[in-house]
Amino acid sequence: MPTRKDIMDTNTPRRRAGRRLAAGVGALALGVTGAVGLTGTAAVAAGSAGTSVSGVELDWSVNAESGGGAFFGGCNFLSAGAAGNAGSSRLWTEADGFYQTQDGDVTIEKPTADGGWAKPTWATKCQDKDGKAVTTAASSTSGNRVELKNGTGTVDTAAGTADITWDGSFTVVYYGGLTYWTVSDPELKVAADGTATLTGTASGWGADMNDTSKWSALDPKTITLANLEGVTVDADGFTVTPEYLGVSVDTGSGTAQSTSGATWGSFPQSFVDFQQLTGQSSYWYSSGGSTDARKVAAPLSVAWDVPAAPALDAKVTVSKTTLSASGETEVTVKGTGFDPSAATASRPPLAGKPAGVYVAFGKFAEDWKPSAGAASSTRPTADVKWAVSADDIDTVGGPSKGAIELSADGSFSATFTVSKDAADAAATAKGLTDGRYGIYTYPGGGAAQAGYETFTPLTFTGDGDVPVDVTVPETGGENPGGGEQPGDPGEFSWTVLGAGAVDLGTATAGTDVFTATGALRQVKVTDTRTEAPAWTLSGSVSDFRSSDGAASFGGKYLGWTPAVGANTVGAVAGTAVAPGSGDGLAASRTLASAAAGHPKGGVTIDAGLTLQIPLDTAAGDYTGTLTLTAVG
């Protein structure tokens, strides 16, 4: 019958200035721990969840009509602050003092001929950038805009959301003052789907262009100033044209909306409803008039400065990473660098608070990270802890529900009872057939924080498994567990001598490849069976994978040169296998064999190991599994 042993990684991943190649061979199963370590720095993308911002600026011309020439009264224009009561529908005069270009954090400015911006004056407010008086032509406008500064609120670049408010007012004046209204304290809300609304408190005076005797104060009312789509929340703001084109509106008893032509559309419904009271109703939607093109909403710009989140240096250590495939093993998991302020929960019970860190044991899919959009089904947990602040431990269910403390310095410690069977069962329940055993961390509470995502591989081995490690630089006693073959009187057994990992040393960069060498632990074979049947000892190696699971290279890059010694059983060494030649040791190769009828006795077998990998291999510590199989 065949017997086999898998040699898996038993070493905690190591980082060094130079990379070392270490191969560990164990009893009857040779673990080639190849850590091809190419020193490199991993960039971690970290969004600033719910970051408080101030000094936010909003710039908006509203539309070209709000700076265009009027059929009476000179022009339409914007004014800073809330204008006073004119007492009736009449033209403003400079002496009224209603017109302002500055009021607190609100400024009115218009473009200049040299491409800049400047505050207009009473005399220049109805002029275009070249100093010419605006007319009722569709293309004529002063281009004046309102600038609101010092907005405050929160911006979440990871979630794509924002909520900003401004203190201050501006007034929209049409027909030189015959009708005007005021916007106060605007608020911008951006949703995760890229939609946004700009609202404000509208007030002013009711007027009727057909009856100038009508004049009454209007009750303040919150209206939608603009609806936005396609907003991208990044570190410095956005510019988006509000929805207008193709937007239908109910005009009530007012002038009917025209829905033909390239510029038909409307400002939001609540906006238009309010304008029915001010006397400006048909100036905010297409009515079939000659100035419809000027009514289209102008682009709106919002600028903020989200401080760059400090680079996270989240790290996890596990007390033991090579474990028995049978039974349960207790391991201690410690984490550092998980800054509690770097992730904000979006779901109860911690919504709006630091999200904490999920610390999980399981067999996860290779593509498991929430920040990359992986579904929760890729993360079947056999056991999970939730590291949260001390004040929130009871909020998430307490220790009995897996709550542990995440200290203010970003550290935690947890104890897991690890079972391969439990991980397999959890994965099967989620329909996951292929996966990687390990300790995983990721943000809790629905938060988005790639810097919290870590993976520490765990290896489950049978008796006699031994690791093999290898590290690659940047360019520029007896181990028990031998197999036993019962049969005729006498026995057939084999044992890997020595302990620890096979050390392939530091890989050296050559012209075309990195090279590292080492030696397999000696394997002792004893065969005292009377009938002396033939036997063969062979081996093959798995792919090598980096300690962070992000990179790999094939087992074909490992080769060996077998040799026999103290040979009283007539054994013959297997043929040398060159690294990278064909399948290399990725395919099963003979380490040693003995023909039928061989003498009773024993033999020691060893092999020189050579690893040659491409120069473009990614930096990191790599581990492979060398499996020996005896048939005889």
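**View 1. Trp205 and Asn85 meet through their side chains.** The two side chains make a polar contact at 3.5 Å, a term for a pair of N or O atoms within 3.5 Å; within protein, one must be able to donate a hydrogen and the other to accept it, and residues adjacent in sequence count only if both atoms are side-chain atoms. This is a predicted model, in which local features need pLDDT of at least 70 and side-chain atom pairs count only at pLDDT 80 or more, while totals for chains, interfaces and linings use all residues. Residues are numbered from 1 along each chain as its sequence is written, and side-chain values use heavy atoms, with hydrogens and water left out. From C-alpha to C-alpha, Trp205 and Asn85 are 8.0 Å apart in space, although 120 residues separate them in sequence.

**View 2. The surroundings of Trp205.** Trp205 belongs to strand β12, residues 196-206 (strands are DSSP runs of E, at least two residues, numbered from the N terminus). Trp205 counts as buried because its relative accessibility is 14%; buried means under 20% relative accessible area, exposed over 50%, and partly exposed in between, with a 1.4 Å probe and protein chains only. Beyond neighbours within four places in sequence, its contacts (heavy atoms within 4.5 Å) include Ala83, Gly84, Tyr180, Trp215 and Leu277.

**View 3. Glu109 and Arg145 form a salt bridge.** Their closest N and O atoms are 2.6 Å apart; a salt bridge is a side-chain nitrogen of Lys or Arg within 4 Å of a carboxyl oxygen of Asp or Glu. Glu109 lies in strand β6 (residues 106-111) and Arg145 in strand β8 (residues 145-156), so the pair ties together parts 36 residues apart in sequence. Both residues are buried. The structure holds 14 salt bridges.

**View 4. Other salt bridges, including Asp208 with Lys214.** In this pair the closest N and O atoms are 3.7 Å apart. Asp208 is partly exposed, with a relative accessible area of 23%, and Lys214 is partly exposed at 43%. Asp292 and Lys295 also meet in a salt bridge, at 2.9 Å from N to O, and both are buried. A network of salt bridges links Lys363, Lys420 and Asp424.

**View 5. The largest nonpolar core has 50 residues.** Such a core is a set of buried Ala, Val, Leu, Ile, Met, Phe, Trp, Tyr and Cys residues joined through side-chain atoms within 4.5 Å. Trp60, Trp181, Phe238 and Trp304 touch the most other members. Strand β13 (residues 216-228) supplies the largest share of this core, 5 residues. Another core, of 42 residues, lies apart from it and includes Trp386 and Tyr440.

Key. Helix = DSSP H or I, 4+ residues; strand = E, 2+ residues; numbered from the N terminus.
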